[in-house]
Amino acid sequence: NLTQVKMMRCLKSENLGLLPTQLRLPIYLASNIVLFLLQGTGAMILALTHKAALIESAANILTASYVCQMVFWIFTLVENIFWTVRFGRPSFANIQLMMPHWKLYNQLFGLAISIIAIGRNLMRLTQLGMGSDGFLAVNEWPSYAFDYYQTAVVLMAWGIFYLPGICKEIEFKHVHQVFQHSEC
């Protein structure tokens with residue numbers, strides 16, 4: 001989310017999303033922190049207790065957090081699609097020249113959202129629905145196949161393209177060009 005906001009700012013197109021510009025970063029940060037704390041609380045209760053009532057409460061907390069996270073990531077995907085359509089219009093062609101491969105970099109967000117977030121949440125919700133003796137909980141390989149492997153692939157792609165570094169270069173060039181034009 002933070003990289004996506006950085007790219008929108010870099011391309012001076014943050015007003016093309018669904019959320020108001022000044023609220024996007026605080027909403028994304030707050031949502032991620034709350035969901036992380038909910039999942040951490042549920043996982044900690046689940047790991048530390050043997051009481052059936054607490055285990056059921058922890059499972060409910062985890063289920064609620066994964067459902068909320070799924071809604072959050074679907075909204076983020078919708079916002080990315082909305083931004084992509086609006087930014088892809090010919091009226092933004094001069095801004096697109098700042099980052100000629102913006103469509104390629106934007107694919108990282110779709111990849112991260114669809115593979116990591118939505119796929120991971122579906123896998124975890126299925127695992128919780130199966131119970132503690134279900135196939136996904138008893139066998140270790142689904143965690144690798146549906147969680148760790150996908151995370152590694154997307155993080156590797158993110159590391160190769162490293163969009164924040166590209167955004168810094170573009171912002172530096174833009175500031176340098178503005179500075180040169182003001183000297184003339």
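This is a predicted model: local features need pLDDT of at least 70, side-chain atom pairs count only at pLDDT 80 or more; totals for chains, interfaces and linings use all residues.
**Exercise 1.** Which residues of helix α1 are buried, and which residue just after α1 has a positive phi?

*Solution.* 
Step 1. Helix α1 covers residues 2-10.
Step 2. The buried residues in α1 are T3, Q4, V5, M7, M8 and C10.
Step 3. For reading such a list, recall that an α-helix has 3.6 residues a turn, so residues three or four places apart point the same way.
Step 4. Just past the end of α1, K12 adopts a positive phi of about 50°.

**Exercise 2.** How many salt bridges are there? Identify the residues involved and locate them in the fold.

*Solution.* 
Step 1. The criterion is a side-chain nitrogen of Lys or Arg within 4 Å of a carboxyl oxygen of Asp or Glu. The count is 1 salt bridge.
Step 2. The partners are E79 and R24, whose closest N and O atoms are 3.2 Å apart.
Step 3. E79 belongs to helix α3 (residues 52-87) and R24 to helix α2 (residues 21-48). The pair is 55 residues apart and links distant parts of the chain.
Step 4. Both partners, E79 and R24, are buried.

**Exercise 3.** What are the secondary structure content and the overall dimensions of the protein chain?

*Solution.* 
Step 1. The chain contains 8 helices and 0 strands, giving the order α-α-α-α-α-α-α-α from the N terminus.
Step 2. The radius of gyration is 20 Å, whereas the globule rule gives 16 Å for 184 residues. The chain is therefore more spread out than a compact globule.
Step 3. Along the principal axes, the C-alpha atoms fill a box of roughly 75 × 30 × 25 Å.
Step 4. Of the 184 residues, 33% count as buried. The accessible surface is about 11100 Å², with 69% belonging to carbon and sulfur atoms.
Step 5. Among contacts between residues at least 6 apart in sequence, 68% join residues at least 24 apart.
Step 6. The chain carries 12 positive and 9 negative charges, and their mean positions lie 7 Å apart.

Note on methods. Residues are numbered from 1 along each chain as its sequence is written. Side-chain values use heavy atoms; hydrogens and water are left out. Buried means under 20% relative accessible area, exposed over 50%, partly exposed in between (1.4 Å probe, protein chains only). Helices (H or I, at least four residues) and strands (E, at least two) are DSSP runs, numbered from the N terminus. The radius of gyration is taken over C-alpha atoms; the globule rule is 2.2 Å times the number of residues to the power 0.38. Contact means heavy atoms within 4.5 Å. Accessible areas come from the Shrake-Rupley method with a 1.4 Å probe; for residues, only the protein chains shown count as cover. Lys and Arg count as positive and Asp and Glu as negative; His and the chain ends are not counted. The place of a charge is taken as NZ of Lys, CZ of Arg, CG of Asp or CD of Glu.
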